Amino acid sequence: MATKILYQGHGSLRLTAADGRVIYIDPYAGKGYDKPADIILITHQHDDHTQVGLISQKPGCRIISNSEALMGGKHNLFNITDITIEAVEAGNKNHDPKECVGYIVTVDGIKIYFAGDTSKTKSMESFAAKKIDYAFFPTDGYYNMDMDEAAECAKLIGARFNIPIHMKPGELFDAQRAQTFKAPNRLIVPAGEEITLTAVK
């Protein structure tokens with residue numbers, strides 16, 4: 001079985017590992033909540049990122065919220081049976097860095113950066129060394145950074161693929177805006193589309 005990500009729309013994603021385990025990130029928008037969750041990740045407590053009630057949970061489902069991710073005043077690391085989840089800095093004028101995180105998830109040898117709601121952060125300068133495969137950036141330019149700043153972040157981080165999400169308040173996806181994302185190695189994934197992830201051979 002392949003490793004896959006379904007972009008549900010807005011800032012919501014579903015990651016399915018090769019062994020069938022399911023991780024939801026910021027549940028809120030779109031469809032595709034039919035698979036019971038093994039792990040649920042919440043980047044911050046705004047209503048459009050926290051709709052855990054949409055998801056049925058497997059016994060022992062692990063929910064990691066920003067509170068747990070920032071427990072002890074630091075960005076924490078979680079290891080859940082060969083899946084590594086690293087909380088990283090996120091924030092801007094609309095999102096307090098003390099209450100918001102992004103996540104770098106490593107599964108099946110693939111490293112995925114879910115930025116959460118953020119603008120450019122100081123810690124992004126260190127991300128190139130992490131050799132990220134797929135990076136998902138908010139790009140609305142209203143609550144978060146705009147397309148140009150997100151493209152700057154993408155250049156800084158140097159992921160193999162850079163994907164714009166969270167594009168327009170109240171919309172799952174905006175195809176016209178997506179085309180203005182001028183990041184290197186851009187990958188546009190419409191809401192409702194599932195992609196197969198690949199590792200570097």
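In this predicted model, Ile112 touches a set of residues from well-separated places in the sequence, namely Ile5, Leu15, Tyr103, Ile104, Val105, Val107, Tyr134, Phe136 and Leu197, when residues up to four places away are left aside. Ile112 belongs to the largest nonpolar core, which has 31 residues, and together with Ile85 it touches the most other members. The element that gives the most to this core is strand 8, residues 101-107, with 4 residues. A second, separate core of 21 residues includes Ile104, Ala159, Met167 and Phe181. In soluble globular proteins, nonpolar side chains tend to be buried together.

Thr3 lies in the segment before strand 1 (4-9), and because its relative accessible area is 6%, under the 20% limit, it counts as buried. Its side chain makes a polar contact of 2.6 Å with the side chain of Asp108, and Asp108 is also one of the residues that Thr3 touches, among them Leu15, Val107, Ile110 and Leu197.

The structure also holds 9 salt bridges. In one of them, the side chains of Asp34 and Arg14 meet at 3.4 Å, N to O, and this pair links distant parts of the chain, with Asp34 in the loop between strand 3 (22-25) and strand 4 (37-41) and Arg14 in strand 2, 20 residues apart. Asp34 is exposed, at 59% relative accessibility, whereas Arg14 is buried, at 6%. Elsewhere, Glu68 and Arg62 meet in a salt bridge at 2.7 Å, where Glu68 is partly exposed at 22% and Arg62 is partly exposed at 30%.

Terms used
Residues numbered from 1 in each chain as written. Predicted model: local features only at pLDDT ≥ 70, side-chain atom pairs only at ≥ 80, totals over all residues. Heavy atoms only, no water. Core = buried A, V, L, I, M, F, W, Y, C linked by side-chain atoms within 4.5 Å. Buried < 20%, exposed > 50% of the residue type's maximum accessible area, 1.4 Å probe, protein only. Helix = DSSP H or I, 4+ residues; strand = E, 2+ residues; numbered from the N terminus. Contact = heavy atoms within 4.5 Å. Polar contact = N/O pair within 3.5 Å; in protein donor to acceptor, adjacent residues only side chain to side chain. Salt bridge = Lys/Arg side-chain N within 4 Å of Asp/Glu carboxyl O.
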